[in-house]
Amino acid sequence: MSEVVCTCSGCVDVDVDVVALDQYKAVDFPRRLRSRAASGVQLMTTRNLKSGAVMRRTQTISTAKGTAAVWAIESERPGNTGICHDPYARRFTSTVFYLLIRLFAGYGERRTHGALTFIVCRSRYFDDYLKACLASGMSQLVILGAGLDSRTYRDPLQGVVKIFEVDHPATQASKIKRVKKVLGTIPTNVVYVPIDFDEETLDKLLAYGFDRSLKTLFIWEGVTYYLNWKAVDATLAWLGTNAAPSSTIIFDYEYAFASTRADRRHYLYSVLSCLDGERRAFCIKSGQIEDLLAGRGVTQVLDVSADQLKRLYCMGPNQDRTVAQKYAIVHAEIGRHQVQVST
Ligand SMILES: C[S@@+](CC[C@H](N)C(=O)[O-])C[C@H]1O[C@@H](n2cnc3c(N)ncnc32)[C@H](O)[C@@H]1O
């Protein structure tokens, strides 16, 4: 692991641990999966990483399918004891992912010290935050890196607000097919905006009808891990300039100390990296998120730790569950500053 200083505009003082690229060499992958490379399964190799794109055009939606499978399994807990509930997750994800995650959930949870419980607590927290924003007059929703997020199709949002689902074109095309198959139609209040965050700016949102005058919530769930610093910074800067005053953003992120050499050498980590084909890039040291957000038009920053999630959602039958400590959620107000008129 090499220690570097990020040089993107505005974060020159933030130390970032960057995972050495060669940890992803195909040679680290388990032998059985390597043989699948020969049969057409795409593996992340040093060569295609060097192409510079963090996410390839042809990349599948495997991480999104994985998360949706976790939601599906949580939603099936007996007696509605699941921490989050997603009525569409089982139908949106693929059966292969669903069965794989069901089979390895216990093992994966132990190895990752509660990553799956973090995912379900995160979704529940995002759902609760969305409800609070709806109650406080939000009238536009933008879901960045939407993956198989089904909030657009659930009752509370039907016809209430205009929704933009922004995602990588490859993931989005697959999602649209899935939505049509499951629902038979596309709801009229949703607009799909295909964007590669590493290559394009959110200006495309304006071309697709985003209204700069409306109080908006931006949901960015499970995405920053896969973006480079420049892309995260550019997204925050765009929101600071274009969102209406009192708009809000909620996203989650990984602490920079998180992935150890031992983690990365582990079989499960290799399998997941191999399956997802997405390279983890953005992470930040604990306690630095407020500094990162300061100066980007962001105020009212609230950082939510694993311990807080555990206190909020792991009670009764869930009280013995562990929430992975290496991730956190942050939400804040974002948007154009109101002009102060001095009298
Ligand atoms: C783990 S999934 C999260 C999806 C969903 N928000 C969730 O909570 O399950 C990661 C998402 O980030 C998107 N993503 C990753 N890199 C991207 C990029 N460079 N541009 C646009 N989207 C990207 C993927 O397409 C995928 O939908």
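Helix 3 (residues 62-75) supplies the largest share of the shell around the ligand, with 3 residues. The model is a predicted one. In total, 22 residues surround the ligand. The closest are T67, G145, G147, T171 and G222. By type, the shell around the ligand holds 9 nonpolar, 7 polar and 6 charged residues. Two domains take part. Domain 1 (16-111) and domain 2 (115-263 + 276-334) each give at least three residues to the shell around the ligand.

Helix 3 also packs against another helix. Its partner is helix 6 (residues 115-135). Two packed helices are described by the angle between their axes and the distance between the axes. For helix 3 and helix 6, the angle is about 80° and the axes lie 10 Å apart. An angle of 65 to 115 degrees counts as roughly perpendicular. Helix 3 and helix 6 are therefore roughly perpendicular to each other.

Which residues in helix 3 and helix 6 meet? Helix 3 brings T67, V70, W71 and E74. Helix 6 brings L116, I119, V120 and S123. The residues of this contact divide into 5 nonpolar, 2 polar and 1 charged.

The protein as a whole contains 13 helices and 9 strands. It has 343 residues, and 38% of them are buried. Among contacts with a separation of 6 or more, 77% are between residues 24 or more positions apart.

Notes:
Residues numbered from 1 in each chain as written. Predicted model: local features only at pLDDT ≥ 70, side-chain atom pairs only at ≥ 80, totals over all residues. Near = placed C-beta within 6 Å. Helix = DSSP H or I, 4+ residues; strand = E, 2+ residues; numbered from the N terminus. Nonpolar A, V, L, I, M, F, W, Y, C, P; charged D, E, K, R; others polar. Domains from an automatic or database assignment. Axes fitted to C-alpha atoms, helices over the stretch in contact; angles between N-to-C directions. Parallel < 35°, antiparallel > 145°, perpendicular 65-115°, else oblique. Contact = placed C-beta atoms within 7 Å. Buried ≥ 20, exposed ≤ 12 C-beta atoms within 10 Å, placed from the backbone.
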